[in-house]
Structures are given as structure tokens and as C-alpha cells.
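Please consult the sequence and structure below alongside the notes.

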Amino acid sequence: MSEKANAVTETGFARGMAGLTAANLLGKVLGYVRDALLVAVFGAGALADAYYAAFRLMNVFRRTAGEGALNAVFIPRLEAEKLEGPAQAQAFFSSAWTVIFTLSALLAAAGIIFKDQFALLTAWGFRSEPGKFALTAFLAAVMMPQLLFVNVSALFTAALNSARRFFLPALAPAVFSLAVIGMLLAFKAGYLHRLDETSRIVALTAVASASGLLQALLLLPLLFKAGFSLRFSNPFKNLSTGSALLAAAPAAVTLGQDQVSLLINTVYASFLPAGSITAIYNAARLVQFPVSLFAAAAAAASLPELAGRSAAGDTEGFRRHLKDAMAASWLIMLPAAAGIMATALPVCRALFEHGRFTPEASAVTAQALAWLALGLPAYGINKVAASSLYALGRQRPPLVIITAQLLLNAALCAALMGSMGAGGLMLATSLSSWAAALAFLYELRRHAGFSPLADLPLGRPALCAAAAAAAAYALTRALAPAGPLAVTAAAVPAAVLVYFAGLRLLGVEERKLVTGGRF
């Protein structure tokens, strides 16, 4: 491939990742406003635990479908169908739309009918408290209609990503946060004051569920503009659709590794003191900021290009694009892990310690956050590596690796929760994710010729990350009397500046992948 073509490819990747990053940033900011308001209104006790336990199950569907499964199996097949012509691509899309809409509607109905059984997946420990378990099951049933909208939106997003449209599809999920924020602000303003707290949490859940429909509707004009239409068809006439969607279930487990791990953690946390589920939820939300902002963005932005290279037999182009995606993820996940561990407590206090959220709840959340952040670089490796192997058509290795990782996570949770509580559950996820990352890197070396020692900048970014974490920790100690908000406002930007200044000083050219070449 010519140098000009390489430059165009790198520019396309940078633009796609920039669009995803900008959309994810706005979505994450709204998400933190939503979560801070929720714990301020409802606290970090049994009521919030019931909501988060019910939401965790739905969130697994949201994050695995929206950030991985459908993209991983749908985009490579759609890229291949495009080579046959627009009519073939539309036929494939119509078949996928028919299957996903039908199966999602059936699954949502089953979730409503068998709500108690579904609730056991995240709240097994609540059985000793019948009222708390019944509320969790009811909230799970109220959320189930969103499953249909989430899966349909994920299909729309995959089709739009294949058309190299990233920003608005990534921004659409922010509708969920806006709807919940609006409801919480109504509560704080005194509206619906006649409702008791249980009725309020039910009303909030209903609004959250209905927001999924609006998300899907927002994507429709973009979908039509990209040349796709919503036509039901006989999926058995397109055999490639069946094989692609059959692969979606294992892909959901594989690419939603972090979410499934947290689902396991939530089950264990249901046996811990009240507030533990809320703590691991909030810790996971903070860690998901860099994961979704950069690692998932790198995986999503690179997947169409990787799939296209693989379909065309361009081995060298595939490896070069994989190197860029992995470097972009690594250069963010590494300093994010170090920085979060250095500032965990003041960040948690600044974001959550308002209203009914107590200092004790902040301490538990900060401990969970620090241990979960330890695995951030591994989460990034796993996201990009799994997408890359799917682009190569190698679906078995990711499934085997992640299945082993989930089993290891469950075993470590059982071993660590007694002595470390919620923090032990997060440490279990980090350790098992690092084990999976090593296995993924081995597979990438075998199938794509990728070597982290040769293809990634390791030592210099590590030095810069250590310097950034040291600066953040020093500011945390020095500014402690000023309060957590002042500490966070000073320490986080300072750490970012130290890190990127270090990258530039040490000549790490790969930094331009995450700065858009502007620094």
C-alpha cells in the first residue's frame, strides 16, 4: 500500500476515534451527573442497591450489544456483503433486523413474565430480604422493554459504523442519562412530592426504560440516509445472517467481558453489607470513563477498517491498523490506571458525597475504584484484541479466553470478598483481566504477527504515567485542606498535562493517535 493510502487510513482512524471520543465524553459527563444526582436523592442504601442490581442486568445487555457483539459479528459480514453490491447489503441488513427485533421482543417478554428468575442473576443474596428482592424483580421487569430498543439501536449503530459514521450513533445513548437527570431534577424541585421513595424509584425506572425508544428513533434518519431501510424479510433466505447472529451470543460474552465480570461481582456483593452494590456500580462507572472513551472507541473505530483489510487479504495493512488501535488504547489506559489509583478518594468524595451519600460510602467506593483501576490497561488490550480476532474471522479463541477469565474472576471473588469486601471483588476482576490480556496477546502474535514488545511504546509511557501519578498524589496531599472538589479540579488536569508533556519530551510519536496530531 502506498504512503498516501496509509496516511488516508490513519487519518480516517483518527477522525473516527475523535468522533467516538467526543460523543463518549459528553455521554460520560451526563452519566456522572445522573449517578451523582441519583445517590444524592436516594442515598447509598438498600433502595439504591435494588435499583442498581436490577439495572446491572440491563446494563450488561446495553454495553455488550452496544459496544461489541453486534459490531464484531455484523460489520465484517456487512463489509463482505457490500462487495457484492448495495442490494445484497440491504438484504443482509433486513434479515438481521427481522431476527434481532423478533428475538429481542420475545426475550423482553420473557424477562417480564419470569422477573423473579431474572432478578436472581444479580441479587441472589437478597433472598433473605423478601421486600428488597421483590422490589429488585419488579424494577427488572419495568426495565425489560428497554432491551428491545437497546438491541435494535445496536444494530443501527453497527450499520452506521460500517458506513464510517461514528459521532451521532455514539451520542444517542446519552438520551438515557438526560431522561433520568430530568426525572431526578423534578424530584429535587418538589414535583411528584406525594410519591413515597419506593414509588419514586419505580417512576425513575420507567422513565429510564422508555428512553430506549427515543434513542432508536433518533438513529432512524441517519440509517435511512446511509441507504438502509427497515423491511422485515425471511432470514432463512440469507444464510450468512443466521451464522452471523448465532455468533453474536458468544461475541457478547467475549466483548462484554468487563460487564459480565461486574455482573458476577454484583451477585457476590448482594451477600455483603448494604451499599456494596452501589459502591461497585459507582466504581465501575468511573473506570468505564477511559474504557468507553478510548479503548472501546479505538476498537469500534478500527473494526470496519480491520474487517475490510482482512476481507481484502491485506495482512500488512491489518497489522499496521491493529498497531495504531492498540497503541491508542495503551497510551490512555496506562496513565488512567495510575491516576485513578492516586486520586480515588478525593474523586469519589467530589463526585458522590452529596445529599444522602456519606463519607463512609465514599471510602468504600474509593477502595473498590482503586482496585478496579489496576486492570485498566488489560481492559483496553482485551477490547481491541477481541475485535481484531473477530475481524480475522477467528471467533473461538476470544470465547475460550473470556470464558476462562470469567471463571477465574468468580473463583477470585469467592477467595477475596471475605477479607476485602467490595474492594476484593474489584481486585478479582483486575487480576483475571490481566490473565486474559496475556492470552489475547499470545493469540495476536500467532494470527496477526503483533508483538507488544516490538509494536507498542512501553517504557517511555510508563515513566510518564508514573510521573503523572506522582504529581496527582502530591497535589492530593498538599491541597487536602481545601476539600475534595479543589483537589480533583487541580490534580486531574495537572496529571494530564504532566503525562502528555512527558510523552512529547520523550518523543513518543504515537501520542498523535489520541491527540489528533495537534500536540
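Helix α14 is mostly covered, with 28 of its 38 residues buried (under 20% relative accessible area, with a 1.4 Å probe and protein chains only). The model is predicted: local features need pLDDT of at least 70, side-chain atom pairs count only at pLDDT 80 or more, and totals for chains, interfaces and linings use all residues. Residues are numbered from 1 along each chain as its sequence is written, and side-chain values use heavy atoms, leaving out hydrogens and water.

**Helix α14**
- The end C-alpha atoms of α14 (residues 315-352) are only 48 Å apart, short of the 56 Å that a straight helix would reach at 1.5 Å a residue.
- A bend of about 70 degrees occurs in α14 at T343, and the proline P346 follows within four residues; the angle is taken between axes fitted to the seven residues ending there and the seven starting there.

**D49**
- D49 is located in helix α2 (residues 46-82) and counts as buried, at 2% relative accessibility.
- A polar atom of the D49 side chain lies 2.8 Å from the backbone nitrogen of G275.
- Beyond residues up to four places away in sequence, D49 touches F126, K132, A274, G275, S276, I277 and T278 (heavy atoms within 4.5 Å).

**Nonpolar cores**
- The largest nonpolar core has 125 residues, of which F42, Y51, L184, L204, L322, M326 and L376 touch the most other members.
- To this core α14 gives the most, with 19 residues.
- A second, separate core of 24 residues includes A96, I100, L148 and F228.
- Such a core is a set of buried Ala, Val, Leu, Ile, Met, Phe, Trp, Tyr and Cys residues joined through side-chain atoms within 4.5 Å.

Terms used:
Helices (H or I, at least four residues) and strands (E, at least two) are DSSP runs, numbered from the N terminus. The expected span of a helix is 1.5 Å times one less than its number of residues. Buried means under 20% relative accessible area, exposed over 50%, partly exposed in between (1.4 Å probe, protein chains only). A polar contact is a pair of N or O atoms within 3.5 Å; within protein, one must be able to donate a hydrogen and the other to accept it, and residues adjacent in sequence count only if both atoms are side-chain atoms.
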